[in-house]
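My entries follow in the order of the look-ups.

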Amino acid sequence: MMLNVAIIGCGDMGSKHAAAWAARDDSNIAAVCDIDAARRDRLAKECGAEAYGDWMQAIVQAGVDVVSICTPACEHRDMAVAAAASGRHVLCEKPMALTLTQADEMIAAADTANVHLHVSHQYRGLSRYRIIRQLIEDDVLGSPLHIRFTEMREVRPKLAMHRRSQSGGPIHDMSGHLFDLARFFTGSEPQSVTATGAIFGRGKQRLATIDDLGIDAADIQVRFAGGHCLSVGINWGLPEGTPSYSSEAVHGPKGVAYTEDRHNSDFNLGEPSATKTVVVKNGQGTRTIACEADYEGPEICIDAIVAAIRDDTSPGLAGGEGYDALRLITAALEAIESGRSVDLC
C-alpha cells in the first residue's frame with residue numbers, strides 16, 4: 001500500500017515530517033504547501049513534489065491520502081476539517097488546536113468522514129522516556145509517582161510560538177508534550193491543575209513586534225488519579241543568547257530516575273537521546289542506562305497512523321492523546337489567569 005502525502009507548512013517541523021515520510025518505502029510526498037515561496041519550492045524540489053501556495057489546493061490534489069499539518073495551531077482546525085471532508089487522513093502537529101471547541105470540531109469531522117486523525121506527540125517514542133516507562137512498569141520506582149520537568153530557554157526565534165493568536169504562547173505550545181508524558185508514565189488521568197504564570201519575554205528585543213504575547217513562564221502542578229503528581233516549570237522568556245537549562249526526573253517510594261547528558265549540559269526536553277543516559281538511584285545504589293539514538297522528528301507518530309490505516313482500525317482520534325493534552329493545556333492557562341485550581345473530575 002503506497003500512501004500519497006501532502007505536507008502543509010514547510011518550516012522546521014514540515015521539513016522533519018517530509019524527511020520522515022520520504023524515508024519510508026510505503027509513502028510518497030505528492031504535495032507541499034507554504035505561504036513562503038522559497039520554503040515551499042525548496043522542499044518541493046527535495047521531495048519531488050508539487051508546490052502550492054494555497055493549502056486547500058494541496059489537500060485536494062488528486063491521489064492524496066494523508067495530510068501532515070505543520071503550521072501554527074490557529075490553522076489546525078480549518079485544515080484538519082477540510083482534509084477530513086476531502087477523505088484524507090490527518091497527522092496534525094501539536095498542540096492540537098487553540099481551543100477545545102476547535103479540537104471537538106476536528107474530531108467530529110474525522111468521525112463523519114471515517115478517516116484517522118492523529119496528533120504528533122512524538123516524545124513517547126524517545127529512548128529515555130521509554131526506559132523510564134519500563135522502570136515504572138517493572139516497579140523499580142514504586143507508586144505513587146512524582147514527575148518533575150523543568151525547561152528554561154531564551155525567547156524563541158520562531159516568533160509564532162510567542163503569539164497568543166497563532167500558537168497560544170509558549171506554555172500552550174510546549175506543555176502538552178509534558179502532560180502527555182505524565183499520562184504515558186502513570187497510565188492515570190488528571191484530577192486537578194494548579195498553576196501560576198507570567199510573560200517574561202515582555203521587553204525583549206526579539207519580541208518587539210509582537211503585540212499579543214502569550215504566557216511564556218509558568219509553574220504547573222497536576223494531580224492524577226492514584227496519587228501521582230506532575231510538576232512542570234517552564235520559562236521561554238529568558239534574554240536572547242541565554243544557554244538552555246533542563247531537567248527531568250521521576251521518583252517514588254522505591255527510587256528515582258533522571259536524565260543526564262554529560263556531553264551537553266544545555267539540552268532541552270524532548271531532544272534526541274544519542275548522548276543521554278537514564279540514572280537510577282535506589283536502595284541497591286546507582287546504575288546508569290544508556291539511551292539509544294533517536295529519530296529527529298515524528299517517525300513514531302507516522303508509524304502509528306500508517307499502521308492504523310493499513311490495519312483498518314477504527315478511525316478517529318488515536319487514543320485521544322492530542323485532545324487530552326489540550327484539555328490540560330487549557331486548564332493550566334485557566335488556572336494561571338483565574339488564580340484558582342481547576343477541577344478536571
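The model is predicted.

**Entry: end of α4**

I looked at what comes after α4 and found Gly87, with a positive phi near 80 degrees.

**Entry: burial of α4**

I then asked how many of the 10 residues of α4 are buried. The count is seven, so I note the helix as mostly covered, taking buried as under 20% relative accessible area. The buried residues are His76, Met79, Ala80, Val81, Ala82, Ala83 and Ala84. I looked up what they pack against: β1 (3-8), α3 (55-59), β4 (66-69), β5 (89-93) and α5.

**Entry: α4 against α5**

Two packed helices are described by the angle between their axes and the distance between the axes. For α4 (residues 76-85) and α5 (residues 100-113) I read an angle of about 5 degrees, and the axes are 8 Å apart. This makes α4 roughly parallel to α5, because angles under 35 degrees count as such. On the α4 side, I list His76, Arg77, Ala80, Val81 and Ala84 in the contact. On the α5 side, I list Gln102, Glu105, Met106, Ala109, Ala110 and Ala113. By class, the residues of this contact are seven nonpolar, two polar and two charged.

**Entry: α5 against α10**

Next I took α5 with helix α10 (residues 321-338), whose axes come within 10 Å and cross at roughly 170 degrees. That makes α5 roughly antiparallel to α10. Leu100, Ala103, Asp104 and Ile107 of α5 meet Tyr323, Leu326, Arg327 and Thr330 of α10. I sorted this contact into five nonpolar, one polar and two charged residues.

**Entry: cysteines**

How many disulfides does a search of the whole structure find? It finds zero. I checked two cysteines for the reason, with 2.5 Å between sulfur atoms as the cut-off. For Cys74, the closest cysteine sulfur is in Cys92, 11 Å away, which is too far for a bond. Cys74 is partly exposed, with a relative accessible area of 29%. For Cys301, the closest cysteine sulfur is in Cys70, also listed at 11 Å and too far for a bond. Cys301 counts as buried, at 8% relative accessibility.

**Entry: salt bridges**

Side chains of opposite charge can pair when their charged atoms come close. With a cut-off of 4 Å from nitrogen to carboxyl oxygen, I get a count of 23 salt bridges.

- Arg24 pairs with Asp26, with the closest N and O atoms 2.8 Å apart. Asp26 is buried, with a relative accessible area of 16%.
- Arg42 pairs with Glu46 at 3.2 Å, N to O. Both lie in helix α2 (residues 37-47), four residues apart, about one turn of the helix. Arg42 is partly exposed at 34% relative accessibility, whereas Glu46 is exposed at 56%.
- Glu151 pairs with Arg153, with the closest N and O atoms 3.5 Å apart. I checked both ends for burial: Glu151 is buried, and so is Arg153.

Last, I traced shared partners: salt bridges join Arg24, Asp26 and Asp303 into one network.

Conventions
Residues numbered from 1 in each chain as written. Predicted model: local features only at pLDDT ≥ 70, side-chain atom pairs only at ≥ 80, totals over all residues. Heavy atoms only, no water. Axes fitted to C-alpha atoms, helices over the stretch in contact; angles between N-to-C directions. Helix = DSSP H or I, 4+ residues; strand = E, 2+ residues; numbered from the N terminus. Parallel < 35°, antiparallel > 145°, perpendicular 65-115°, else oblique. Contact = heavy atoms within 4.5 Å. Nonpolar A, V, L, I, M, F, W, Y, C, P; charged D, E, K, R; others polar. Buried < 20%, exposed > 50% of the residue type's maximum accessible area, 1.4 Å probe, protein only. Salt bridge = Lys/Arg side-chain N within 4 Å of Asp/Glu carboxyl O.
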